[in-house]
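Morning, everyone. Let me put the model up, and then I'll walk you through it.

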Amino acid sequence: MKKRIAVFANGWGTEYLRKVVTGAYAVAKDANADIFAFVNFSTFSEFTSGINNSEFNIFQLPDLKDFDGAIIMANSFNMKEEISFVHQIVKESKIPAVSLEYELEGITTIQTDNYSGMYELAKHIVQEHGARRIVYIGGPKEHLESNERLRAVQDVASENGFSIREEDILYGDWAKDLCAKLADEWIHQHNGLPDAFICANDVMAAGICDSLIKQGYKVPDDVMITGYDCIKLGRDHVPPIASVSHEWNSMGIKAVQILLDKMEGRDCEDTITMETKFVSGGSCGCDYSTVKTAELSDYYIAEIDGLACDSHFRHIYLATKKVENADDLYRSCSIVFRDGAWLVGSDFMLCLDQEFFHIEENDENLRTQGYSDSMDVIRSINIDVPRSHQIMNRKEAMFRVSNEDSKSHIFIFVPVYNEDRSYGFAMLSRDMNIVENNYLYIWTRHMNQCLEQIRRNIRIADLTRKLTKLSVTDVLTGLYNRAGYEKIACPMLEKLHEAGGTGAIMIADIDRMKTINDQYGHASGDLALRTAAAVLKGRLPKDWVICRYGGDEFFAGGALEEGMDLEEVRNSISQGLAMEVEKRQIAFDLGLSIGVAKLEPDEEINFENALRQADQSMYAIKKEHHREIDSK
C-alpha cells in the first residue's frame with residue numbers, strides 16, 4: 001500500500017511552496033508515496049478575520065491517523081493559531097513529522113541558516129560598497145526568521161564601527177506596497193536617502209525599487225536595495241535584486257528522506273541546518289548581464305499560461321452564473337471540466353457541504369469549522385466515482401485516486417467558502433507549477449466567487465418563488481386568490497382539456513355570511529372562511545386547485561377521475577364541515593352551498609359558461625339552504 005505524506009502550507013510564498021513540494025515529491029515517488037498538500041491563503045490584515053478562519057479550515061480536513069508522515073511549512077503560516085493547531089494534531093497523531101524553519105516541540109526541524117547568508121550580504125554592501133546608513137525592513141515584528149536576518153545586519157554594522165538605529169528598523173509584513181510606503185515615509189522624514197535598504201525578502205525589495213525608480217531615483221547609484229530568498233521576481237527584476245539564496249528544493253528532498261527514515265525506525269537529528277548564500281545583483285552595484293534567453297522564454301510561457309488561466313475562469317463564470325441547484329452545477333462543471341482542464345490537472349474533485357444548496361438566514365446552516373463526514377461530490381475528473389454529484393464519505397473521496405492508482409501523485413487541497421462560512425473543498429492533482437504567478441490563489445478566489453453567485457441565485461430564486469406564491473395566495477385562508485385562479489387554475493384546466501381529460505369545477509359560497517358578520521362579528525366571519533377553506537382542502541382531491549374567488553366565495557377545479565361522483569364529493573364536504581363545526585364548537589350556523597359544472601373533453605372549453613352553470617347550480621342550492629335556516 002502506498003504511503004501518504006501530508007504537507008501543511010500557506011500558498012503566498014509561491015516559489016518556496018513549489019520548490020519544497022517538488023523536491024519532496026522527487027523522493028516520495030521513488031518511495032511509492034503520495035503527497036497531500038493542504039494549502040491556504042490566510043493574510044495578516046485585520047479586515048480578513050472571517051476569511052482567515054475559512055482559509056485555516058483546510059488544515060482541519062485531514063485525519064492524520066490516515067497518513068504516514070507530515071511536513072509542516074511552519075514559517076509560511078500567517079496566523080499563530082495555524083501553527084498551534086497543526087502542531088497539536090501532528091503530536092496527537094504520533095506520525096513522523098518534520099517542521100521547516102520553526103522549532104516545534106517533539107518534531108524534527110529543518111532550518112536554513114538565516115544568519116550566515118544575510119551576514120555575507122550585509123558585509124558585502126558595507127565593505128565593498130561603503131554603506132553606513134542602513135534601513136532594515138523586516139516582516140512581522142515577531143517573525144523569528146526576519147529577526148535573525150536583522151541580527152546579522154546589526155552584527156556587521158557593529159563590527160564595522162556603526163549601528164543600526166532603532167528608527168531605521170521598519171516592519172513591512174512581507175508586503176510590496178506597504179514596504180514602498182514605509183520607505184517613502186522614511187525618506188520624507190529624514191529629507192534624504194539612506195545608503196541602503198536591506199529587506200527581509202525580495203518582494204519588499206522589489207516594491208521599494210519600483211517606487212523609487214518611478215520617483216526618478218537611480219538604483220543602485222542613489223541607493224542600494226537588497227532582498228532575501230532569491231526568488232524569480234527578484235532575479236527577473238531590472239536591476240536584478242541582490243539577495244540570499246535558500247536551497248528549498250533540497251529542503252523538500254531532505255524532509256521526505258527524514259520521514260522515510262523515521263518510518264523505518266531509524267534515528268534522526270533533532271535539528272538539521274541548511275546553508276544559505278549571498279547572491280550579488282545589480283541593485284547593490286555589482287555588474288550583471290542581461291536576462292538570458294531561457295529566462296525570456298519563461299516570460300513568454302507565463303504570458304501564454306495567463307491567457308489560458310483567464311479563459312478558464314471565464315468558462316467557469318459563464319457556466320455557473322445562472323445555476324440555481326445541484327444538478328445545474330453538475331452539468332455546468334461537466335462542461336468546464338470535461339476530461340481535465342489545463343489548470344486543475346487530470347484528477348480533480350469539487351466537494352461541497354450538503355447544506356450548500358439550502359439557504360437559511362445568515363447562513364446559519366453552514367459550518368464555520370471542519371467539514372462534514374459526507375460531502376456532495378459535484379464534479380470529479382478521471383476519478384472512479386459511480387456518478388458525479390452524489391453524496392460520498394469525505395475520506396473515500398479524498399483517497400479515491402491514491403487508493404486505486406499505483407502511480408504516485410501530488411494532491412492539492414484548497415478551501416472553498418464565503419467569509420467565515422465553509423462551502424467545502426476542491427482537490428487538484430497536478431505539479432506544483434500551479435502556484436506560480438498565484439494561479440492557485442486566483443483559481444480559488446474565482447471558484448469562491450462563482451459559488452457565492454450560485455448561492456445568491458438560489459436565494460433570489462427562493463424569494464421569487466415566495467413572492468410569486470404570495471401574489472397568488474389569500475392571506476386569511478392560505479388558498480389561492482383570484483390571481484391564483486387566473487394564473488394557476490385556468491392554465492391547469494386548459495392543459496387537462498388539451499390532454500383529453502374531463503374536468504370539473506365547483507363554486508362554493510358560505511350561507512348567510514352577512515348574518516354571521518353582523519350578529520357574531522368579523523372575527524367569527526374570518527373563522528367561518530378559514531374553517532370552510534380547511535374542509536375544502538381536506539375533502540377535495542390533492543391535485544385540485546382551490547381558490548378564494550371572492551369575499552365568501554370559493555372556486556375549486558381539477559380532473560374528474562373515473563368513478564368520481566360530484567354529488568358524493570358535495571356531501572363529503574357538507575359532512576366534513578358539520579364535523580368541524582362540532583369539533584371547534586362554533587356557535588353559529590355554518591354551511592356551504594356548492595354548485596358544479598363539467599368540462600367535457602369533446603367540447604370547446606369555455607370558462608365563462610362553466611362558471612355561470614356552476615353559479616346557477618350554487619344559487620339554487622343556496623335558496624334551499626336559506627329556507628332551511630329561516631325555518632329554524
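**Sheets, helices and their contacts**

Start with helix α14, residues 482-498. It lies across four strands: β18, β19, β20 (553-559) and β21. Against β20, α14 runs at about 25°. One caution before we go on: this is a predicted model.

Helix α18, residues 607-631, packs on that sheet too. α18 touches β18, β20 and β21. Its direction makes about 150° with that of β21.

Now the sheet itself. It is open, with four strands in the order β19-β20-β18-β21, and the pairing is antiparallel. Which strands stand at the edges? They are β19, at 545-548, and β21, at 592-599. Each has a single partner strand, so one side of each is left without a neighbour in the sheet. On average, and ignoring direction, neighbouring strands here are turned by 15° against each other.

Look at one pair within it. Strand β18, residues 503-510, is joined to β21 by eight bridges, and the two run antiparallel.

Helix α16 covers residues 522-539, and helix α17 covers residues 566-583. Their axes come within 9 Å and cross at roughly 135°. Parallel, antiparallel or oblique? Over 145 would count as roughly antiparallel, and α16 and α17 are therefore oblique to each other. α16 passes α17 in a right-handed crossing.

Who makes that contact? From α16 we have Thr531, Ala532, Val535, Leu536 and Arg539. From α17 they meet Ser572, Ile573, Gly576, Leu577, Met579 and Glu580. By class, the residues of the contact of α16 with α17 divide into six nonpolar, three polar and two charged.

Go to helix α1, residues 14-28, and helix α9, residues 248-263. Here the axes come within 7 Å and cross at roughly 40°. That makes α1 oblique to α9. The crossing of α1 past α9 is right-handed.

The α1 side of the contact is Glu15, Tyr16, Lys19, Val20, Thr22, Gly23, Ala24, Val27 and Ala28. The α9 side is Trp248, Asn249, Met251, Gly252, Ile253, Val256, Gln257 and Leu260. In the contact of α1 with α9, 10 residues are nonpolar, five are polar and two are charged.

**The parallel sheet**

Now another open sheet. Four strands, order β7-β6-β8-β9, parallel pairing. At its edges stand β7 (169-171) and β9 (224-226). Each of these has a single partner strand, so one side of each is left without a neighbour in the sheet. Neighbouring strands are turned by 15° against each other on average, direction ignored.

Strand β6, residues 134-138, pairs with β7 in the parallel sense over three bridges. For Ile137, the bridge partner in β7 is Leu170. Helix α4, residues 114-127, packs on this sheet and touches β6, β8 (196-199) and β9. The direction of α4 makes about 175° with that of β8.

Is β17 mostly covered or mostly open? Strand β17, residues 421-429, is mostly covered: nine of its nine residues are buried.

Take strand β13, residues 347-352. β13 and β17 pair in the antiparallel sense over six bridges. Asp347 has Ser429 of β17 as its bridge partner.

Then strand β16, residues 410-418. β16 and β17 also pair in the antiparallel sense, over eight bridges. Here Ile412 has Leu428 of β17 as its bridge partner. β16 and β17 form a hairpin, with two residues between them. Check Glu419 in the turn: it has a positive phi of about 55°.

Last stop, Ile213. This residue lies in helix α7, residues 202-214. Buried or exposed, or in between? Ile213 is partly exposed, with a relative accessible area of 37%. Leaving aside neighbours within four places in sequence, Ile213 is in contact with Val219, Val238 and Pro239. As for Asp328, it is 115 residues from Ile213 along the chain, and their C-alpha atoms are separated by 51 Å.

Terms used
Residues are numbered from 1 along each chain as its sequence is written. This is a predicted model: local features need pLDDT of at least 70, side-chain atom pairs count only at pLDDT 80 or more; totals for chains, interfaces and linings use all residues. Side-chain values use heavy atoms; hydrogens and water are left out. Two strands pair if DSSP finds at least two bridges between them. Axes are lines fitted to C-alpha atoms, for helices over the stretch in contact, and angles run from 0 to 180 degrees between N-to-C directions. Contact means heavy atoms within 4.5 Å. Angles under 35 degrees count as roughly parallel, over 145 as roughly antiparallel, 65 to 115 as roughly perpendicular and the rest as oblique. A crossing is left-handed if the near helix is turned anticlockwise from the far one by less than a right angle, and right-handed if clockwise. Ala, Val, Leu, Ile, Met, Phe, Trp, Tyr, Cys and Pro count as nonpolar, Asp, Glu, Lys and Arg as charged, and the others, Gly among them, as polar. Buried means under 20% relative accessible area, exposed over 50%, partly exposed in between (1.4 Å probe, protein chains only).
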